[in-house]
Amino acid sequence: MTRNLRPYDSVLDTIGWTPLIRLNRITRGIRTPVYGKADFFNPGGSVKDRIGMPIIEQAERDGSLRPGGTIVEGTSGNTGVGLAIAAALKGYKCIFTMPDKMSQEKVRLLKAFGAEVIITPTAVGPDHPDNYVVMAKRIAEETPNAILANQFYNQANTNAHYATTGPELWEQSEGRITHFVAAAGTGGTITGVGRYLKEKNPDIKIICGDPQGSILAELWRSKGTHKIDGAPYKVEGIGQDKLPSTLDLSVIDDYRSVSDRDAFSMARRLTREEGLFVGGSAGLITHIALQVAREIDTPDAFVVTFLCDTGERYLSKLYNDEWMRENQLLEPDRVTLGDLLEHKVASAPAAVVSAAQGQQVRQVLGLMRLHDVSLLPVLDGGRCVGSVTEYALTQRGLESSRFLDAVVGEVMDEPFPVVDAGQPVESVQKVLSKATPAVLVTSGDAIVGIVTRSDMLAYLMHR
Ligand SMILES: Cc1ncc(COP(=O)(O)O)c(C=O)c1O
């Protein structure tokens, strides 16, 4: 390891040259190598550190920003941090507008860097005066010696990735990179990296991820002709309700939409299984990277996913089970029929009580009373050949007392369905009905239990 061998002049010199790390665990069973470009290693914890200084220096060069000036931006948080770090070292003031869906951690973080933060409503259209981008523009116009960093329309953003992220990936992969997967907020990353890599090798595939609800994927699919209405989503920092000029759709070879649930689930897996503590956008991108790796299925490819920012920014959100549950984003715990049987065993007979075809109805009703059960499978050599219920037997017994002397084999109903103990409980919820009041649970060839409609009700109540 040769990194950090010498002292740096300032924290700004530590931006970029983030590590490229092989993903080993979440890729189990996939032959294609997948690497993560860990941009959360930047000092401000995100990819956006890369664009702070270039934007400020460009404004200094063109004379729009003079000493003591103010930098204004509409930001989902990370760009604010990138700008704030550079502004702190250059002595500028920062004012940021931010939609109210963003996490509290991000607001506090920007304030920690000395920035003024103005929260705006998320649920307004892209041209509404309260939209965070529109408001930032107005503040910049009304404040003397202020610039709008304008990350969505500022080519310094895209150029920063062309100059740094792209070449880093080419060098780190020794020119072997075959697929780059990222997601577009401003599109600066994917456009800058995409342009650089395509110049090096036009065969490299640039794949963009989009949250379901963003308009960008459909714009790409329709080559800019079809603009859908956006819908809210929870992943932060990526997707749009308007096409920014920093996003060049023509560098993108494939655009895929991903749900919040899949994005967050993968972010949590990156943290738990790979030790890479990342935010939801990295999860969304990695979800696609694994799809791609599975599809191409070759050890000769070199797939790179982009790990945009640190998970610390989302401790109250995707890393908070309560928030995940409130938003129906947590995978329900998978309870199997075997688990359900274990749960009910305390109140039920240890072995499955059953009837045989040759037994009389009278005996079987006695058996039911003895074990306090209302239905029984009829077994023959360990196989379910029929079923009897207390209700049906007593009804017919009341009609004719001779019925009580009949043998089960002559009066039994259809056998109960047989389901493996490893199956999820949900798989039998639909099967159970008046006509099918129970299922038999097997492990290997052996019948290990019975699950009735009332067991299912008890399980649901308990849950
Ligand atoms: C968390 C996060 N991921 C990804 C991105 C997207 O990067 P870009 O704006 O370069 O498209 C952003 C941008 O704000 C972000 O905040």
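A residue is called buried if 20 or more other C-beta atoms lie within 10 Å of its own, exposed if 12 or fewer do, and partly exposed in between, with C-beta atoms placed from the backbone. By that count, 42% of the 463 residues of the protein are buried. The model is a predicted one, in which local features need pLDDT of at least 70 and side-chain atom pairs count only at pLDDT 80 or more, while totals for chains, interfaces and linings use all residues. Residues are numbered from 1 along each chain as its sequence is written.

**Overall build**

The protein has 17 helices and 15 strands, where helices (H or I, at least four residues) and strands (E, at least two) are DSSP runs numbered from the N terminus. Its radius of gyration, taken over C-alpha atoms, is 31 Å, well over the 23 Å given for 463 residues by the globule rule (2.2 Å times the number of residues to the power 0.38), so the protein is more spread out than a compact globule. Along the principal axes, the C-alpha trace spans about 105 × 50 × 45 Å. Two residues are in contact if their C-beta atoms, placed from the backbone, lie within 7 Å; among contacts with a separation of 6 or more, 68% join residues 24 or more positions apart.

| Helix | Length | End-to-end C-alpha distance | Expected span |
|---|---|---|---|
| H2 | 13 residues | 19 Å | 18 Å |

Helix H2 is mostly covered, with 10 of its 13 residues buried, including Asn 78, Val 81 and Leu 83. The buried residues of H2 pack against helix H1 (49–61), strand S3 (70–74), strand S4 (93–99) and helix H3 (104–112). Just after H2, Gly 91 takes a positive phi of about 80°.

In H10, 13 of the 17 residues are buried, so this helix is largely enclosed by the rest of the structure. Just after H10, Asp 297 also has a positive phi, of about 45°. His 287 lies in H10 and is buried, with 25 other C-beta atoms within 10 Å. Apart from its neighbours within four places in sequence, His 287 is in contact with Val 258, Asp 262, Ala 263 and Met 266.

**Around the ligand**

The ligand is surrounded by 19 residues, of which the closest are Gly 185, Thr 186, Thr 189, Gly 237 and Cys 308; a residue is near a molecule if its C-beta atom, placed from the backbone, lies within 6 Å of it. Helix H2 (78–90) and helix H7 (188–200) are the elements that give two or more residues to this shell. The C-alpha atoms of Thr 186 and His 287 are separated by 20 Å.

**Nonpolar interior**

A nonpolar core is a set of buried Ala, Val, Leu, Ile, Met, Phe, Trp, Tyr and Cys residues joined through C-beta atoms within 7 Å. The largest such core has 59 residues, and those with the most contacts inside it are Phe 180, Val 181, Ala 182, Ile 285 and Ala 289. Its largest share, eight residues, comes from H10. A second, separate core of 32 residues includes Ile 55, Tyr 132, Phe 152 and Ala 156.

Technical notes
Expected span 1.5 Å × (residues − 1).
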